[in-house]
Structures are given as C-alpha cells and as structure tokens.
Amino acid sequence: MKEQLQKDFDNSIKNLSLSQKDMEIKKFCLDNFIDKGFPNKKEEDWKFSDLNQIIKNNIGELSFYNDQASTNKVDTSVFVDGLEHNKIVFINGRIEKIDFEYEKKDQIEIIGQSETINEFKNSNSLSDLNNAFTNKCFKILVKKGYQLAKPLIIYHTTNSKIWSKNINLRLNFELDKDSSLRLIDLFNDTSEKNFLNIFYNFELKENAVLKNYKVDKFENKNIKYSFNNIDQDKNSISETFILSSGSNFSKNEINCNLNGVYASAFVNGVFSLNNDKHHEIRSIINHLTENTKSYQLIKSVLDESSKAVYQGKIFVNSDAQKTDGYQLSKAILLNKESEFNAKPELEIYADDVKCSHGSASGSLNGDSIFYLMSRGLSYQQSRELLINGFLLDVVEKITDPEIKNLIKNMIGIKE
Amino acid sequence: MDNRQKEINNLKDYKYGFSTDIENIQAPKGLNEDVIKFISNIKKEPAWMLEFRLKAFERFKVLKEPDWQKPKFPKIDYQDLYYYSAPKSMKDKPKSLDELDPKLLETYKKLGIPLQEQARLNGIAVDAVFDSVSVATTFKDELTKQGIIFCPISEAIQNHPELVKKYLGSVIPTSDHFFATLNSAVFTDGSFVYIPEGVRCPMELSTYFRINASNTGQFERTLIIADKGSYVSYLEGCTAPMRDENQLHAANVELIALDDAEIKYSTVQNWYPGDQDGKGGIYNFVTKRGLCKGKNSKISWTQVETGSAITWKYPSCILKGDNSVGEFYSIAITNNHQKADTGTKMIHLGKNTKSKIISKGISAGSSDMTYRGLVDISSKAKNSTNYTQCDSLLMGNRCGAHTVPYIKNKNSESNIAHEATTSKISEEQLHYCQQRGLNPEEAVGLIVNGFCKEVLQQLPMEFAVEAQKLVGISLEGSVG
C-alpha cells in the first residue's frame with residue numbers, strides 16, 4: 001500500500017499550488033499515515049470494527065488519487081422536495097455547488113482555506129489520511145447574531161464513475177456569538193466499494209446553536225467514516241442526530257468538548273440495519289468545566305446478520321463540578337445472526353456530578369407481541385408497530401419540527 | 001486530643017502492619033529455570049509438575065507485561081524478587097499444631113486467626129499460608145470423615161495427583177496472560193479443595209494469606225473442585241506488613257463446578273495499601289476464574305477490596321453448562337493513593353445461563369477506581385440473561401471513578417441489561433443524619449454501609465461483620 005499511497009499523493013499534489021509550509025504539513029501527515037495504516041482491532045477504539053480488515057475484505061486495493069479537474073453534472077433529482085434549503089453539493093468528493101440563496105449574503109462568509117491542520121483530540125490515523133489528501137478545505141463562518149433562515153443541506157453524492165477510491169472531505173464551521181445553524185448531511189450513493197473519510201470541525205461561540213442531522217439512508221456498498229469535532233463555548237448547544245442505515249459499513253464519531261459553562265450537547269442515534277451491515281457510533285463527550293450537560297440516546301434494530309456497535313464515553317474533568325451526563329443505548333435483535341456490542345464508558349474526576357448510563361439488548365418483547373395480536377393485529381403488524389414505536393422515541397428528540405417531519409417521512413415512521 | 005480522635009487515629013493505622021521476625025529459607029533471587037527447579041525440588045514435586053511449571057516458564061519468556069490497565073505502575077524488575085520464602089521451621093513439616101513454631105502461632109493470633117482448634121468456636125476450617133508455604137490447616141479430621149479434601153496444594157500434588165493433574169490449569173491454562181503464566185511457573189502454595197459428589201460442606205472453608213518476608217512475591221494457587229451436587233463456601237483473607245517498597249502478589253484461583261454443584265467464594269482483601277503518600281503497598285494482580293462445567297452449576301464471587309496499592313483483578317465465570325449461574329458481588333474502596341481496576345467477566349456459552357453483577361465502588365482521597373467488565377453472550381447461549389449494576393461514589397474532587405463495561409450480545413433470544421451511576425453522598429442525606437445526632441463521620445459510615453448493603457449481605461455472617469468494620473476504617477478521615 002505504501003508505494004500506492006506515495007504515487008497517488010504525488011499525483012494529487014501535482015496540480016495544487018501549495019505553499020512550502022502546506023506541502024510540508026501534507027507530507028508529514030502522509031508519513032504518519034503510512035506509518036500507522038488503517039486502524040485495526042488492536043486499537044482499543046476500533047476493537048469492535050476492524051477497519052483495516054473491512055477495507056481489505058470489501059474493497060481490496062484502494063486508490064487514493066482523485067482526478068478533480070473535470071466538473072460533474074449536478075443531478076437535481078436528488079434534492080429534497082418540499083423543504084426550502086441552502087445547498088452544498090459534493091459529487092465524488094468534489095465541491096460542485098455552494099448555494100446560500102435564502103440567506104443574507106453579508107452574514108455568511110465562505111473562506112477557501114489553504115491547509116489547516118487540525119490536531120483533533122481523540123482522533124486517529126484517518127485524520128492524517130484526510131489531511132494528506134484533501135485538496136480544498138472550506139470554512140463556513142456564520143456571523144455574530146445571524147440565524148440562518150433555512151436549513152443547509154450538504155449532499156454527499158457519489159456515482160458509478162468512481163470505483164475502489166478513497167475520498168476525503170473536510171469542512172470547518174464557525175458559529176459566532178448568538179448565531180445558529182441547522183445542517184443536514186444527506187448521503188446518496190450510486191457508486192460501489194469506495195471509502196469516504198469525512199472530517200467536520202465545528203466551533204461554537206457563546207450562545208450559538210448547532211443542529212446537525214446525518215442521514216445515511218440509501219442502500220449502498222460504500223464504507224464511510226465520519227468524524228465531528230465540536231468545540232463549545234459558554235451557553236452553546238449542539239444537537240447531533242444520526243440515522244445509520246444505508247452503507248455497508250459506517251462509523252460516526254462525535255468528539256464534543258464542552259469548554260464553557262452551561263454548554264450542552266445532545267447526541268441521538270438510530271441504527272436500522274439488515275443484510276450483513278456493520279455500523280458504529282462512537283461518542284466522546286468531554287465535560288471540561290462546571291455546569292455542563294450532555295444527553296445521549298442510541299437505539300438499534302438489527303435484522304439479518306447485521307452488527308451494531310456503540311461506544312460512548314462521558315469524561316468529566318476535575319473542574320467540571322455539577323456535570324449532568326446521561327447515556328442510554330438499547331438494541332433489539334431480530335435475527336439470531338445479528339449482534340450488538342456496547343461499551344458505555346464513564347471517566348469521572350469530579351465528585352459533585354450526576355452521571356449515569358444504561359444499556360440493554362434483547363429480543364422483541366413476547367408479551368407485547370401477544371398483547372397486540374390478541375387485539376387483532378397480525379404478527380407482522382405487531383412487530384412493525386413495536387419497532388416503529390421503539391425508534392420513534394429517538395426521532396421525537398429532534399427539536400426542529402420541520403426536519404423532524406422530513407426525517408420521519410424519510411424512514412417511513414408513522415405516528 | 002479527645003478520645004474519639006485517638007480512636008480514629010488508631011483505626012487509621014494499618015493494624016496488620018507488623019512483621020514477624022522469623023528465620024527464612026529463600027530461593028536465590030531472580031527468575032530462571034534453576035529457581036523453578038529449586039521450588040519444585042523443595043516441594044518434592046513429581047516430574048509432571050515440574051514439566052507444567054517449565055512449560056509455563058517457556059511461554060512466560062515470550063509474553064510482554066500488559067499495559068492497557070488504568071493504574072500505571074513503575075516497571076517491575078522480575079529478576080529482583082525472591083520467588084520462594086518459607087519459615088525455616090517449616091522445612092520438616094510439623095505433624096501437628098503443637099509442633100508449630102510459637103512465633104507463627106502468635107502472628108496468626110495477632111491477626112485474629114487463632115489456629116489452635118480448641119480455641120475455635122465458630123467452626124471455620126482454616127488453611128494459613130505464610131509467604132510461600134501453608135503453615136497449618138485446621139479441622140482436617142472432621143472434613144476427611146465426609147470425604148472432603150482440604151489441604152495445601154503442595155500436599156495435594158503428592159497425595160491426590162489424579163485430581164490435580166486433571167483440573168490444574170484447566171480453567172487458567174499455562175498459556176494464559178502474563179501474570180497468570182508467571183504464577184503457573186513459580187506458584188508456591190495455596191489451598192486445594194475437593195468436595196465429593198452430593199456432599200454439602202458442613203463448615204466454611206477459609207484460607208488466610210500473609211506476606212511477611214520483604215522483596216518477596218507471593219504466588220499462591222488455589223484449586224477448588226465441587227463434584228456433582230455438592231456445595232462449598234470458601235473464604236479468603238489477606239494482610240501484609242508495612243514496607244516501603246511495593247510487593248507483588250500474583251495469585252491464580254481456579255474453581256470448577258460440576259453438575260448441580262455450587263461454589264461460593266468470598267474474599268476480604270486487606271493487603272497493606274501503602275502510606276498516605278502512596279509509598280509502598282502491595283500490587284495485587286490476581287487471576288480468578290471459575291468454570292461452571294456442569295449443568296445447573298453455580299459460581300458466586302463476593303469480594304470486599306479495601307487494601308493494596310494497586311488492585312487489578314477480574315474474577316470471572318465461564319458459564320459452559322446449560323442453566324448455569326454466575327454471580328459477582330463487589331465492593332471496592334480506594335483511599336489516599338490507592339488504585340483499583342477491577343470487575344468481572346461473564347462468558348455465556350451454555351443455554352439458559354444467567355449472570356448477575358453488582359459492583360459498588362467508593363473512591364476517596366487521591367485514589368482512582370475503575371470498574372471494567374465484560375458480558376459476552378455467544379450465539380449458542382440461547383435464552384440467557386445478564387443484569388449488571390455498577391454504582392460509584394466519589395468523595396472529594398481529587399479522586400476518580402470510571403466505568404468501562406464491554407457488552408457483547410450475539411444472541412437474539414438473550415437479554416442484557418446494564419446500569420451504572422456515579423454520584424456523591426447528597427447533602428440532604430448527610431444533613432438528615434446529622435440532624436438526628438450523628439457526627440459527620442458516623443453519618444458517612446451509615447450511608448456508605450447502606451450503599452454497600454447489597455454486597456455485604458452476600459458474605460457469610462462472620463465475614464460480614466468484619467467487612468462492615470473494614471469499610472468504615474478504610475474511609476476514616478476522608479470526610480470533613
């Protein structure tokens with residue numbers, strides 16, 4: 001893999017006009033990645049999902065070079081109907097469109113940055129890979145006091161032009177004081193066997209509100225990794241919702257640093273898997289100062305030989321008194337081949353805190369099925385009703401009514 | 001200083017910290033094949049036992065000391081330890097307690113473990129292990145009548161080789177992890193228990209471990225076999241003198257329960273925890289594993305961990321037989337600079353297996369406590385259930401409490417439920433108690449005892465009282 005990496009790297013930087021310093025950073029990151037390789041199960045954070053093995057088995061040889069010279073045609077049929085929204089369109093990893101048509105132009109700034117190396121806490125060799133191969137990095141700045149009128153949808157589209165490729169994306173967001181952003185990531189793939197490696201960095205200033213909804217719904221054979229780093233200042237709120245369903249393999253990581261007092265973070269997730277899929281959510285909430293709050297709810301429905309993993313960690317620093325941390329993961333295993341693994345972790349260094357976690361996994365409750373069937377429903381109907389209700393619980397946590405309805409429609413949950 | 005304060009100060013000191021001045025026979029310092037042969041030779045072991053040890057040592061040579069644990073410690077120089085130390089008077093084993101070195105008898109008396117049978121009223125059979133040898137086993141005759149074998153493992157190797165050969169290393173193989181393998185190579189003594197078919201052991205069996213000599217590692221090995229339909233309750237207690245250097249204690253405990261058998265294993269661990277600045281103390285790196293081999297068998301671990309500078313152990317159950325049950329009840333208390341990384345593993349292999357984990361952790365001072373546990377329900381373990389509850393209590397903002405559970409469910413007909421909380425003693429509770437005339441120390445004691453009650457209840461009567469006191473003493477001075 002080493003030669004391939006080096007060759008593809010030389011190819012990708014050839015067309016970029018990089019400063020000496022940026023070049024050095026990229027080379028440094030490449031060497032780091034060559035040194036470490038893809039994460040494997042020997043690393044504690046990848047214990048349940050051996051990415052190295054998964055890539056080997058599903059893709060085989062990856063190519064890291066992306067020819068981004070030619071533009072792709074934006075297919076408007078993938079756009080969401082019935083919801084006015086701003087758009088960023090990625091096709092095969094290339095930004096094709098940035099459109100903030102509903103917003104005041106002077107309140108949002110889009111900065112094309114040269115390489116900014118981010119030393120994310122709790123990240124891994126994939127961040128090096130990302131740093132080495134992303135060729136364009138944008139920063140979206142929402143100015144002081146501005147609240148976006150419409151949500152922003154980022155379309156991650158891939159088509160059959162690419163095959164066995166590694167695609168790296170990087171976006172930075174800064175939400176200034178009193179601003180707010182609703183962000184939906186929508187994945188739509190018609191390609192197969194690619195590895196997507198996405199890094200987002202959010203910086204939330206005082207009173208800023210971020211709502212991020214990640215929807216991976218459509219069936220595809222790709223492998224996805226996404227890392228969100230969220231830094232939160234005083235009084236800020238972050239809400240992350242993950243619908244993890246479509247891809248062959250997917251791992252979402254959330255690393256949230258609650259740096260300011262009264263900051264709060266919410267992470268909610270739904271796994272709805274079948275057919276040999278293997279998905280993971282790993283969250284790390286760092287309570288770094290007092291009076292911060294976090295809440296996490298993850299629910300899984302696992303059919304056929306699918307596998308879901310949830311690793312959640314609540315870290316409480318010794319200064320972070322009066323922390324309130326909560327975490328709950330529940331799973332229903334529908335098939336005897338399905339598997340649920342959890343590692344809900346607490347690491348606490350302050351005494352005046354309230355932290356708890358719960359995790360439960362098992363089959364559909366026989367008594368509930370019996371109850372519904374005795375009232376005239378068929379087995380299939382009862383089962384659907386129960387699963388619906390089970391997942392609805394998480395979707396109901398979405399605080400934005402418009403988006404809540406959108407997501408409900410998308411997954412076909414009825415009320 | 002008023003009386004109350006004096007009392008507290010007395011209690012705060014580790015009262016088992018004395019050492020006994022007694023002549024020792026030691027193996028040469030260091031770890032090599034000759035030392036292993038020396039140990040095997042002095043124990044007059046048969047050839048197969050030496051082979052077992054050497055096989056383990058071969059494996060040990062290629063193993064690396066694990067480093068994933070939370071409490072880090074300075075590198076141990078395994079060549080700078082004595083692997084065998086025994087009171088000289090034990091060389092030719094005394095035939096009866098009357099021939100035992102009076103100094104030894106006195107030591108155990110000081111520890112509150114009278115070995116003279118006539119002095120005993122509460123009917124617990126004791127095997128006392130002093131450094132590397134077992135010095136006395138009480139109530140032997142009475143047990144023999146029922147066919148129960150309770151003796152030092154070195155004796156069992158001589159007298160019951162067929163049993164030892166069959167079961168030793170069957171739960172913790174010689175190829176296991178670093179410390180377990182080290183133990184397999186150099187273990188010195190420990191207890192052996194065999195309960196024959198259908199026998200309910202009439203009294204509690206107990207081993208008392210004492211590390212006396214300095215620079216000595218204690219490597220004991222305990223093997224308990226409960227044959228079909230039998231029952232045994234086994235207790236274990238431990239202390240060590242106060243010394244500045246850290247001492248290593250790496251024991252292996254293997255339990256085997258056959259069809260319908262039940263083993264209840266209780267530990268009150270009170271090794272020397274080091275002084276208030278974290279100097280000295282025992283490294284307690286123990287491997288404990290139980291195998292529910294037969295149908296309907298049950299293994300229950302209860303532990304009260306108050307001592308040791310570092311406690312690093314996971315008493316585990318392998319639930320192989322159908323309908324077998326595994327239980328784990330634990331109280332772990334750390335104070336000053338103590339560190340603990342403890343928990344359990346429940347491996348469900350058989351159908352309809354059940355396990356229950358109740359863990360209570362209390363950390364005070366600058367200590368650090370981790371609960372680490374694994375619940376693994378394999379795809380064949382239909383209809384299995386697990387319930388886990390781990391609660392932590394923090395006192396002061398210099399200590400840490402961590403929970404790291406690993407939960408694996410590969411069976412859709414099985415259920416796992418896990419709960420964990422971390423909090424501190426609420427002001428309201430303290431206020432309520434103080435309002436009714438308790439001083440802060442007493443109030444905390446009361447609340448902590450309530451917090452631990454679920455586990456303390458599992459201990460046999462005599463131990464429960466002792467443990468309750470120990471819980472109080474370990475936390476003295478940590479409030480206010």
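In chain A, the buried residues of helix 2 pack against helix 1 (2–14) and helix 4 (125–133). This is a predicted model, where local features need pLDDT of at least 70 and side-chain atom pairs count only at pLDDT 80 or more, while totals for chains, interfaces and linings use all residues. Residues are numbered from 1 along each chain as its sequence is written, with chains lettered from A and ligands numbered from 1 in the order in which they are written.

Helices here are DSSP runs of H or I with at least four residues, strands are E runs of at least two, and both are numbered from the N terminus. The buried residues in helix 2 of chain A are K26(A), C29(A), L30(A) and F33(A); buried means 20 or more other C-beta atoms within 10 Å of a residue's own, exposed means 12 or fewer, partly exposed is in between, and C-beta atoms are placed from the backbone. They sit on the same side of helix 2 because they cover an arc of only 100 degrees around the axis, taken from the directions from the helix axis to the C-beta atoms. Turned away from that buried side are the exposed Q20(A), K21(A), E24(A) and D35(A). After helix 2 comes G37(A), with a positive phi near 75 degrees.

As for the two chains, the contact (C-beta atoms, placed from the backbone, within 7 Å) takes 31 residues from chain A and 30 from chain B. On the chain B side, strand 24 (400–409) and strand 25 (415–424) are the elements giving two or more residues. Strand 19 (residues 354–362) of chain A runs antiparallel to strand 25 of chain B, joined by 7 bridges; pairing takes at least two DSSP bridges. In this pairing, S359(A) stands opposite H418(B).
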